[in-house]
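The sequence and structure come first.

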Amino acid sequence: MLSTSSDSIETQLEQGLLVKHPEFWFADGSLILRAHSTLFRVHVSQLCRKSIFFRDLFSLPQPAVTAREERRLEGCPVLDLHDPPDDVANMVKVIYDGPNFGNNDRQDFAAVSGVLRLSSKYLIDESIRTKAMAHIRTAWPSTLKGWDTREDVARTYEVETGELRGLRYAHPIAIINLAREIGADELLPPAFYELSRYSFMQIFEPSPGDPLDPHTPPSANVSLSYTLTPADMQRLALGKEAAQHAVTALIQNMEHASSEHPSHRRSRSGQHVLAATAGGGRVRATCVTPAACRKDLCELVELATQHYLFDRERGSTDPLYVAEELGQLKSAEFADCVACAHALEAWAARERERLWRAIPDWFRLRR
Ligand SMILES: [Zn+2]
């Protein structure tokens with residue numbers, strides 16, 4: 001890959017075939033890492049503090065590292081790493097500076113994913129992997145609450161920058177492939193769900209600048225993979241279909257949102273009403289205008305059917321979003337009936353929890 005093995009590393013440096021990393025070249029370093037054409041001069045002692053791999057490597061005599069003179073530079077042995085230079089730089093940075101991550105945008109993900117990949121490979125201190133995973137999971141969470149927070153951030157991003165909200169976080173296929181590579185299965189459900197919200201055309205034929213265009217932004221695609229395996233392609237197709245069915249079923253089941261429905265007599269929704277009107281004396285938990293409210297609900301079902309199933313608005317494959325919007329219609333549709341307004345809101349909240357729990361099944365992600 002580089003020039004002939006007879007050329008010394010010094011010669012290759014002089015010829016510009018190799019470059020010293022601008023930040024991680026410590027004059028008193030004791031080891032040189034070579035990743036493709038980038039050289040890092042680091043301290044064996046620092047690597048050994050954080051990595052079991054390096055600790056084991058340097059606890060044994062290493063003829064392969066030190067024997068040949070052309071494998072040394074400035075008196076240091078040279079160790080070849082078959083990893084992208086940017087990943088190595090990010091790993092070295094974490095080893096020296098500790099884990100300090102950014103805001104989970106695409107640039108940040110490129111860095112954190114490099115750290116995660118290499119910390120698996122080089123058995124880096126578990127606490128670094130734990131912190132990196134906790135960081136990524138704020139963008140790709142396992143709870144509905146976490147998902148809603150993530151969505152709020154994306155919405156704010158869209159308003160503040162005028163960019164599409166999908167550009168706020170990393171490409172979901174890159175998340176899926178990282179999860180596969182490092183065995184972080186907990187990232188899969190939110191990543192598949194995010195991906196399934198796009199049309200197949202947006203997924204497979206993205207235009208330049210689209211959220212699913214791997215080259216957006218150009219600098220963030222280093223060493224990430226944007227191709228699904230055939231098995232994951234199948235999961236996407238099955239899950240996308242399931243999500244569409246879920247929207248249809250959700251709208252059909254809206255009649256259960258009525259405060260007159262038996263399921264509302266007991267259960268948590270009653271507590272919800274109590275909590276919502278705390279301090280206001282006795283709670284009126286029953287509907288005062290059943291006929292009018294039934295009519296309102298029917299109209300709402302009509303409206304939702306038209307909007308989400310026929311108009312094919314954005315929500316057609318995003319059941320969590322549809323349920324959220326429907327729950328928010330309470331004040332508009334049931335202005336005169338507190339009981340039904342709260343019942344609709346509570347129904348939406350319950351449905352969203354149920355949908356969230358179903359996501360791993362839609363995408364066949366349970367073992
Ligand atoms: Zn009512």
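## Terms and source

Axes are lines fitted to C-alpha atoms, for helices over the stretch in contact, and angles run from 0 to 180 degrees between N-to-C directions. Helices (H or I, at least four residues) and strands (E, at least two) are DSSP runs, numbered from the N terminus.

The model is predicted: local features need pLDDT of at least 70, and side-chain atom pairs count only at pLDDT 80 or more, while totals for chains, interfaces and linings use all residues. Residue numbers start from 1 along each chain, as its sequence is written.

## Overall content

The protein contains 17 helices and 5 strands. Of its 367 residues, 36% are buried; a residue is buried if 20 or more other C-beta atoms lie within 10 Å of its own, exposed if 12 or fewer, and partly exposed in between, with C-beta atoms placed from the backbone. Two residues are in contact if their C-beta atoms, placed from the backbone, lie within 7 Å. Among contacts between residues at least 6 apart in sequence, 63% join residues at least 24 apart.

## The sheet

The 5 strands form an open sheet with mixed pairing, in the order S1-S3-S2-S5-S4. S1 and S4 are the edge strands, each with a single partner, so one side of each has no neighbour in the sheet. Two strands pair if DSSP finds at least two bridges between them.

Strand S1 (residues 19-25) runs parallel to S3, joined to it by 3 bridges, and Lys20 stands opposite Leu39 of S3. Strand S2 (residues 31-35) is antiparallel to S3, with 5 bridges; here Leu33 has Phe40 as its bridge partner. On to S5, S2 is joined by 4 bridges in the parallel sense, and Arg34 is partnered by Asp80. S4 and S5 are antiparallel over 2 bridges, with Leu73 bridged to Cys76 in S5.

How many residues of strand S3 (residues 38-42) are buried? The count is 5 of 5. In a regular strand the side chains alternate between the two faces of the sheet. Thr38, Phe40 and Val42 point one way from S3, while Leu39 and Arg41 point the other way, and all are buried.

Helix H5 (residues 85-97) lies across S1, S2, S3 and S5 and runs at about 15° to S3.

## Packing of H6 and H7

Two packed helices are described by the angle between their axes and the distance between the axes. The axes of H6 and H7 come within 10 Å and cross at roughly 145°. The crossing is left-handed, a term that applies if the near helix is turned anticlockwise from the far one by less than a right angle (right-handed if clockwise).

From H6, the residues Val112, Val115, Leu116 and Ser119 meet Ile128, Arg129, Ala132, His135 and Ile136 of H7. This contact is made up of 6 nonpolar, 2 polar and 1 charged residues. Ala, Val, Leu, Ile, Met, Phe, Trp, Tyr, Cys and Pro count as nonpolar, Asp, Glu, Lys and Arg as charged, and the others, Gly among them, as polar.

## The nonpolar core

A nonpolar core is a set of buried Ala, Val, Leu, Ile, Met, Phe, Trp, Tyr and Cys residues joined through C-beta atoms within 7 Å. The largest has 83 residues, and Ile175, Ala191 and Cys340 have the most contacts inside it. Helix H17 (residues 338-362) gives the most to this core, with 13 residues.

Leaving out residues up to four places away in sequence, Ala191 touches Trp140, Pro172, Ile175, Ile176 and Ala179.

## Positive phi angles

Most residues other than glycine have a negative phi, and most peptide bonds are trans. Glu74 has a positive phi near 50°. Glu74 lies in the loop between strand S4 (72-73) and strand S5 (76-81), which form a hairpin with 2 residues between them. Glu74 is exposed, with 12 other C-beta atoms within 10 Å. His36 has a positive phi near 55° in the hairpin of S2 and S3, which also has 2 residues between its strands.

Leu123, not a glycine, has a positive phi of about 50°. Leu123 sits in the loop between helix H6 (106-121) and helix H7 (126-139). Is Leu123 partly exposed or buried? Leu123 counts as partly exposed, because 16 C-beta neighbours lie inside 10 Å.
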